[in-house]
Structures are given as C-alpha cells and as structure tokens.
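My notes follow in the order I checked things.

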Amino acid sequence: MTELSELWLFGMLLAAFAGGAFGAAIGALPAFIFTGFLVMLGESVKILAGDLSGVAGFDPSSLDQAAAITDQLGFGPLFGPHISFAAGAAASAYAAKKGYMDTGFPYHEAKNIIYAHGPKPDVLIVGGLFGILGYWITTLSVAFNLPWDPIAVAVVLSAFAHRLFLGYPLMGKAEEGILNMKPFKDGKERTQKLAGETKIRLKVEPWLGHQYKWVDVSLLGVVVGILAAFVTYTTSSVFLPFGISAALLLFLNLGVANIPVTHHMALVGSTAVVASTGGEFMEYSMAIMLLTGGLFGFIAALFGELIQRMFYAHADTHLDPPAAAIVLGTLLIAILAMIGIFPSAAWVPLPF
C-alpha cells in the first residue's frame, strides 16, 4: 500500500512539476501520444524479456527495467496522463483565459489540447502546479485502494479543478438538452466573450465531430474491445492495447481526418479479459475472451459518449471523455470482482 508520506517526496514533487510544465510546453495531446509510444515500448520489452527468461545467462533484473519503461516513464511523471496530459489541458485553459491563444480552433480555444505553448513562463508554472496536483490525486487514490484507475481519475478531477480555479463553468449551458447533439449537426452558433473579445462558436461542441453518434460509437467500441482482447490473449499484456490506441493518435494530431479515439475502449476491454478469468485467460477459448473484450469495449464506448455529452460538449475547457470512461469502466470491473462475479479485478485496486 502506498504511504501518504509519498505525497511529500520532494524528488517526486520536482519530477511532477517538471512533467506538468513539459506537458504544457509541448501540448496535452502530443504528450499523451508519447505515453502511448512509451507504453508500447515498455510492454514489448517485457514480452521479449519474458520470452528470454529461460535462456542461459538471462539477467532477471531486465524484467524490472522493462517494467520501469511502462510504469515510471509511460505512467510516471514524465508522460503519465495524470501529470503531462492533465497539465497540458490546464495550460490551454489558462492560456485561453489570458488571451494567449488565437489559433482559429473551431471550438473554445481553452479546448485546444493540440496546441504547444512553448517556453512561456507563466503557462509552464501553471502546468507544473497541475502536474503536482495530478501526482497528489493519483497517490491518494492508490493509498486508499480506491476501486478505479488512479491515473484516469486524476485526469478527470484535474479537469474539474482547472475549471473551478480558473473561473470556467463546471458543465456549461445545455439550452436544448444536455444529451442533444442536434444543434451541432444543424450548425447552430452562439457568441461569447473570451479575453475581452467577442467570439462566435458552435452552440454545441462534441468532443469529436466524427465520433459522437450512439450507433457509430457502440460498434467502434465492440470492434476495438475485440482487438484489444486479441492483443492481450496473444501477448499476455493488459496495457499493450492501450499503448497502441494512444500512439495511433499521432495521426489525429497530424490532422488526418476521422481518426477515432479508442484507448478507453481498448484498456477496459483488455482489463476485463484478465479480470474475468483471474489472469488465467489462456485456459479459456479465444472466442470467449474476444467476446468479453468486445462487450466491455462497448460499455466503455457508451461511457465515453455519455460523459462527452454531459461534461464536454456544452463546456469551455477539455474534460477528457476517455479518462472518465476508464474510471467508470474500471469501477465496474472492480464492483464485479467485489461481488464475486469476476475472480479478480486485474490491476485495478480493491479496497479490501
């Protein structure tokens, strides 16, 4: 169990501040893409090291080194989403409020998580402070064994925090219904003052203009969940599907049209495969495991869409629907484990 004293480890606070500032400098989405690459690298090295573990002269410490790529780099203070991504989102919210951003972004500028803020001192400081906040939230979640992904919950709570601290509404106005995306389809607009200037923006701003219809999102979730389950079944890595999905966002960042965002579907789907079998998934047929992944990918997709309609589409800043979907999806898996339907919760903490 993580000790509460870890909240005040000076080295980790320095690293979290630097990681948050760096996330602000390069932008939230670019930082998260590197999370994906590091997780892919770390999980691939672990798989290779595991294959070599029976070879004469193999150094078992290399397994720990491989795990560190995922745990300490991909999910640590350098590119952990709770630090670099969350800080990058907070930096955009701050920079938009200060009038630093005029990029032609089609939504509220505070939602622009692709934008790299560079070495602007006050923006870096804001990013650094939110990096520390993300570290604290994650550490507290782990210390109390709260039953969800501790990194994802930090991303979500950090977003609510930057809205609260920077004076943005927590949800935004939903004049035509909180789940209604038709105003976006109809191109309805509104005016709003931003940094002293009147701006015209869409009345409803879905998280992804190409990925918001219930049927489309549902089928995508099934497909991604099946693929994630296949990756986990064949490699025994629960995090590799997440890394692949996150790394593929490079194409979205480069402006390739219609690239879907799927890491929440992948992670919940792969985690369900491990949790539903207590880690002994190779003893089950591949078809059953793929169907399990597809079901939980579907559930995560619906969670993500529900969250984006409630907390993103009508608001002014980025609150990450995939992170919220991972929180809800891993909470569901933990509940199924606690009531005895699943033999374990895989890597998700349990309070007892």
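**Salt bridges**

I began with Glu205 and Lys111, and both are buried. The model is predicted, so I read everything below as computed from it. Their side chains meet in a salt bridge, at 2.8 Å from N to O. I then looked up where the two sit. Glu205 is in the loop between strand S2 (197–202) and H8, and Lys111 is in the loop between helix H4 (81–98) and helix H5 (121–143), so the pair ties together parts 94 residues apart in sequence.

Next I took Lys203 and Glu176. Their side chains also form a salt bridge, at 3.2 Å from N to O. Lys203 lies in the loop between S2 and H8, while Glu176 lies in the loop between H6 and H7, so this pair ties together parts 27 residues apart in sequence. Lys203 is partly exposed at 23% relative accessibility. Glu176 is partly exposed as well, at 33%.

I checked for shared partners. Salt bridges join Lys111, Arg201, Glu205 and Asp316 into one network.

Lys46 and Glu43 came next. Their closest N and O atoms are 2.8 Å apart in a salt bridge. The two are three residues apart in helix H2 (residues 28–52), so about one helical turn separates them. Lys46 is partly exposed at 25% relative accessibility, but Glu43 is buried at 4%. My search of the whole structure gave nine salt bridges.

The largest cavity holds about 60 Å³ of space. Its lining includes Lys203 and Glu176, the pair I had already noted in a salt bridge. Gly177, Pro183 and His314 are also among the lining residues.

I moved on to the second largest pocket. Its space is about 220 Å³. The lining has 15 residues, and Val224, Ile244, Ser245, Leu248 and Thr262 lie nearest the centre. Helix H8 (214–235), helix H9 (240–247) and helix H10 (249–253) each give two or more residues to this lining. H8 gives the largest share, four residues.

**Surface and one buried threonine**

I looked for a nonpolar surface patch. One is formed by Leu164, Phe165, Leu170, Met171, Ile178, Leu179, Trp214 and Leu306, with about 710 Å² of accessible area together. I picked out Met171, in the loop between helix H6 (150–166) and helix H7 (182–185). Met171 is partly exposed, at 31% relative accessible area.

Last, I checked Thr292 in helix H12 (residues 286–311). Is Thr292 buried or exposed? Thr292 is buried, because its relative accessible area is 16%, under the 20% limit. Leaving out residues up to four places away in sequence, Thr292 touches Ala272, Val273 and Ser276.

Definitions and conventions
Residues numbered from 1 in each chain as written. Predicted model: local features only at pLDDT ≥ 70, side-chain atom pairs only at ≥ 80, totals over all residues. Heavy atoms only, no water. Buried < 20%, exposed > 50% of the residue type's maximum accessible area, 1.4 Å probe, protein only. Contact = heavy atoms within 4.5 Å. Patch = residues over 30% accessible without salt bridge, like charges linked within 9 Å, V, L, I, M, F, W, Y side chains within 5 Å. Areas by Shrake-Rupley, 256 points an atom, 1.4 Å probe, with all protein chains shown as cover. Salt bridge = Lys/Arg side-chain N within 4 Å of Asp/Glu carboxyl O. 1 Å grid on protein atoms, 1.4 Å probe; cavity = no way out; pocket = protein on both sides within 12 Å on 5 of 7 lines; lining within 4 Å. Points joined across faces, edges and corners; volume = space filled by probe spheres on them.
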